[in-house]
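Please walk through the structure below with attention to how its parts pack together.

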Number of protein chains: 2
Amino acid sequence: MASVNRHYLELQGSYLFSETARRVAACRAARPERRIVSLGIGDVTRPLVPVVIAALHRAVEEMGQETTFRGYGPEQGYAFLREAIVRQDYQARGLDIAPDEVFISDGAKSDLGNFQELFAPESVVAVMDPVYPVYVDSNVMAGRAGQFRDGRWQRILYLPCTRDNAFLPDRPATRPDMVYLCSPNNPTGAALPRDVLRQWVDYARREGCVILFDSAYEAFVTEPELPRSIYELEGAREVAVEFRSFSKTAGFTGLRCAYTVLPRDVTLADGRGGRVALRDLWLRRQSSRYNGCPYIVQRAAEAVYSPQGRIETAADVAACQANARRIAQGLRRLGLGVFGGVNAPYLWVQTPQGLSSWEFFDLLLDRAGLVCTPGAGFGLSGEGYVRFTAFGKPADTEEALRRLALIL
Amino acid sequence: MASVNRHYLELQGSYLFSETARRVAACRAARPERRIVSLGIGDVTRPLVPVVIAALHRAVEEMGQETTFRGYGPEQGYAFLREAIVRQDYQARGLDIAPDEVFISDGAKSDLGNFQELFAPESVVAVMDPVYPVYVDSNVMAGRAGQFRDGRWQRILYLPCTRDNAFLPDRPATRPDMVYLCSPNNPTGAALPRDVLRQWVDYARREGCVILFDSAYEAFVTEPELPRSIYELEGAREVAVEFRSFSKTAGFTGLRCAYTVLPRDVTLADGRGGRVALRDLWLRRQSSRYNGCPYIVQRAAEAVYSPQGRIETAADVAACQANARRIAQGLRRLGLGVFGGVNAPYLWVQTPQGLSSWEFFDLLLDRAGLVCTPGAGFGLSGEGYVRFTAFGKPADTEEALRRLALIL
């Protein structure tokens with residue numbers, strides 16, 4: 001009898017966003033007359049900017065003409081996009097990244113979920129707590145997490161990010177092989193300052209770890225002294241892989257495009273006394289199991305780097321940042337403890353009156369028709385918090401604050 | 001020191017198409033004045049049909065308007081596309097498949113490469129030989145292949161497909177857990193007749209195997225008595241997963257869309273005496289590690305099912321089929337042994353004078369500037385053959401035949 005990968009059966013509960021969606025659907029069915037306002041899942045709401053739309057139409061036209069049609073593209077992504085990324089996101093900031101160290105994909109979620117395959121099965125994983133669930137779930141599927149007891153996986157090293165450490169992770173007591181750092185963080189909204197990131201890079205070099213740096217929200221950083229890329233830190237080229245996305249930067253959540261930066265200097269022990277470049281392993285993985293991001297989508301992403309694309313997408317990001325400030329201000333007026341929202345589209349909000357995350361989630365949903373995301377879904381240290389996002393329409397923000405004022 | 005998944009280091013040589021591309025590039029550099037004609041990689045050359053282009057433009061417009069913009073879609077794919085697929089590819093043929101048993105993705109290569117993750121690591125894999133390399137490579141990465149000796153993985157069960165068995169695989173001597181069947185086959189072009197497929201379905205039910213049925217070339221079947229879906233066979237809903245693609249059916253190799261059918265009745269042993277539905281495992285996998293196919297691409301795929309889309313894409317498929325017949329006829333006139341090409345866009349051609357696959361590949365490339373794909377790259381039983389594809393332009397077919405006549 002064919003048998004299952006038993007690690008899939010060890011996965012806990014439903015995926016966070018599926019479970020919240022289920023509860024929202026149940027609530028909607030129970031009270032169909034009430035409009036639900038969501039500050040929950042981190043999805044964008046503004047349409048794609050005009051320069052991206054124009055690039056898509058042009059690329060679609062190319063696909064309809066025999067002389068300009070494109071079939072299979074390079075699995076790593078087209079050079080025109082990889083070169084635009086390197087020029088503007090790295091070389092313009094003085095960072096030494098080459099186009100063949102950039103891999104285009106359909107999403108940071110796919111890359112972050114699949115990347116762990118390159119590591120030995122017995123590798124030890126460290127994650128910030130709370131954090132985006134994909135890092136842990138993909139390592140559970142691969143059998144790296146051990147037993148689940150009292151809300152935690154026994155082989156995962158959790159790096160608590162709480163009020164006490166300003167939501168900035170300390171080094172763990174024992175050495176991990178892979179460290180997932182998410183900065184600006186989803187869900188806490190905290191971005192790693194330069195000195196903290198330097199400590200991590202130095203630690204990784206000393207201890208022989210690889211840092212998997214999820215930087216999907218880099219565009220939302222407002223404080224100029226914060227690093228925008230891990231490669232601003234000396235030595236990061238030896239130990240860090242950086243994951244970026246167009247989802248939040250340019251509203252591509254429904255269009256699907258992201259990229260991963262793999263400097264050639266990041267290597268793993270090959271078990272025979274030598275080293276092997278992660279970049280080459282990832283190329284092999286993607287060549288064998290992926291066929292590249294659609295040509296038309298890569299042209300859309302390229303347009304984000306045009307002068308007009310920069311202006312248009314920056315305006316959308318600024319609108320989201322303004323929305324975040326408005327939400328933070330409103331929640332504070334209601335007496336809630338609010339963190340984040342300055343360098344990230346996420347606000348990390350303490351539940352009142354000792355309510356649990358899910359209790360506060362259910363309260364807001366039932367009594368105010370308002371959707372947030374329960375902090376506990378991101379890890380044990382997320383208990384007692386909920387996440388609000390700033391991607392919504394300003395009118396919804398005002399409506400949400402008005403409803404909250406009635407029940408809090 | 002962080003260590004590599006050692007199974008990646010066991011992978012053999014370069015990926016077939018990368019290696020052929022490398023040799024072609026070297027040849028082009030050496031003789032830049034000569035135009036190279038490719039009947040090699042199975043990529044389409046005709047532009048997307050007008051109804052698909054129109055659907056793309058409409059969907060792009062939607063993405064540019066606030067009221068019609070779409071962010072994250074369902075990981076499983078939009079209902080409009082899953083319903084169109086079920087209605088036309090299954091229910092119209094009397095086959096019992098439900099929309100929630102269909103999963104949309106960016107490609108059959110991704111799905112076929114990732115699907116093995118759901119199975120126990122010690123599962124035994126059977127593959128046709130020769131065959132598309134992704135099945136084996138993804139299982140090597142997962143550690144299921146054992147040692148590589150004399151051109152074969154010791155734990156993989158190879159099902160030789162040769163002239164002797166009309167390129168139709170027999171059951172193996174020992175029982176596999178997973179059986180990859182590719183029909184119409186890439187590279188041999190052979191499609192499994194109903195009685196052969198029935199034997200496989202019966203075998204899988206008796207032995208508790210899962211059949212992973214790669215049917216990416218189903219649209220090219222011309223013989224009416226051949227099954228178009230494995231679900232035409234009684235009991236297949238209990239044992240078979242079907243992989244389909246728009247790549248060759250509708251020229252989507254650069255647009256990226258495919259689907260996988262997972263009937264709820266296909267289950268795996270859960271190691272605790274129970275059963276778990278593969279469909280639910282795949283939903284969990286995709287929800288955790290994939291964010292869905294772009295909305296605009298799903299609208300393009302939906303357009304393939306419109307009455308006009310059917311007409312336009314069928315015309316392209318028919319042109320390819322005509323091209324296949326022309327190539328087969330021309331090669332036979334030159335004295336070569338030719339198989340396939342009737343129910344598939346692939347022709348499986350015996351090398352002359354006892355040449356090896358790569359020798360014949362190099363001969364055609366060096367002396368005629370002609371690209372094919374070496375059969376040995378698809379498995380040991382592919383030695384002594386090369387694959388020609390019929391996706392090219394008719395003018396290139398004529399040019400290729402003219403050049404071949406000069407050197408053979």
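In H10(B), 10 of the 10 residues are buried, so this helix is largely enclosed by the rest of the structure. A residue is called buried if 20 or more other C-beta atoms lie within 10 Å of its own, exposed if 12 or fewer, and partly exposed in between, with C-beta atoms placed from the backbone. Helices (H or I, at least four residues) and strands (E, at least two) are DSSP runs numbered from the N terminus. The model is predicted: local features need pLDDT of at least 70 and side-chain atom pairs count only at pLDDT 80 or more, while totals for chains, interfaces and linings use all residues. Residues are numbered from 1 along each chain as its sequence is written, and chains are lettered from A and ligands numbered from 1 in the order in which they are written.

The buried residues of H10(B) include Tyr295(B), Ile296(B), Val297(B), Gln298(B) and Arg299(B). Glu302(B) is also among the buried residues of this helix. They pack against H3, helix H4 (79-90), strand E2 (102-105) and helix H11 (307-333) of chain B.

Helix H10 of chain A (residues 295-304) holds Gln298(A). Gln298(A) counts as buried because it has 25 C-beta neighbours inside 10 Å. Beyond its neighbours within four places in sequence, Gln298(A) is in contact with Gly77(A), Tyr78(A), Leu81(A), Ile104(A), Cys257(A) and Cys293(A); two residues are in contact if their C-beta atoms, placed from the backbone, lie within 7 Å. Between Gln298(A) and Val125(A) there are 32 Å in space, C-alpha to C-alpha, and the two are 173 residues apart in sequence.

Chain A as a whole has 13 helices and 17 strands. Its C-alpha atoms fill a box of roughly 60 × 55 × 55 Å along the principal axes. For 408 residues a compact globule would have a radius of gyration near 22 Å, and the 21 Å of chain A agrees with that. This radius is taken over C-alpha atoms, and the globule rule is 2.2 Å times the number of residues to the power 0.38. Of the 408 residues in chain A, 55% are buried. Among contacts in chain A with a separation of 6 or more, 72% join residues 24 or more positions apart.

Chain A is assigned two parts, domain 1 (13-42 + 310-407) and domain 2 (53-305), with bounds that come from an automatic or database domain assignment. The centres of domain 1 and domain 2 of chain A, taken over C-alpha atoms, are separated by 26 Å. In chain A, 26 residues of domain 1 are in contact with 32 residues of domain 2. On the domain 1 side, helix H11 (307-333), strand E13 (338-340) and strand E14 (346-350) of chain A each supply at least two residues. H11(A) gives the largest share of that side, 5 residues. The residues of this side divide into 12 nonpolar, 11 polar and 3 charged. In this count Ala, Val, Leu, Ile, Met, Phe, Trp, Tyr, Cys and Pro are nonpolar, Asp, Glu, Lys and Arg are charged, and the others, Gly among them, are polar.

The largest nonpolar core has 260 residues, and those with the most contacts inside it are Val127(A), Ile211(A), Val127(B) and Ile211(B). Such a core is a set of buried Ala, Val, Leu, Ile, Met, Phe, Trp, Tyr and Cys residues joined through C-beta atoms within 7 Å. Apart from neighbours within four places in sequence, Val127(A) is in contact with Tyr135(A), Val136(A), Ile156(A), Tyr158(A), Leu159(A) and Tyr180(A).

How are the two chains related?
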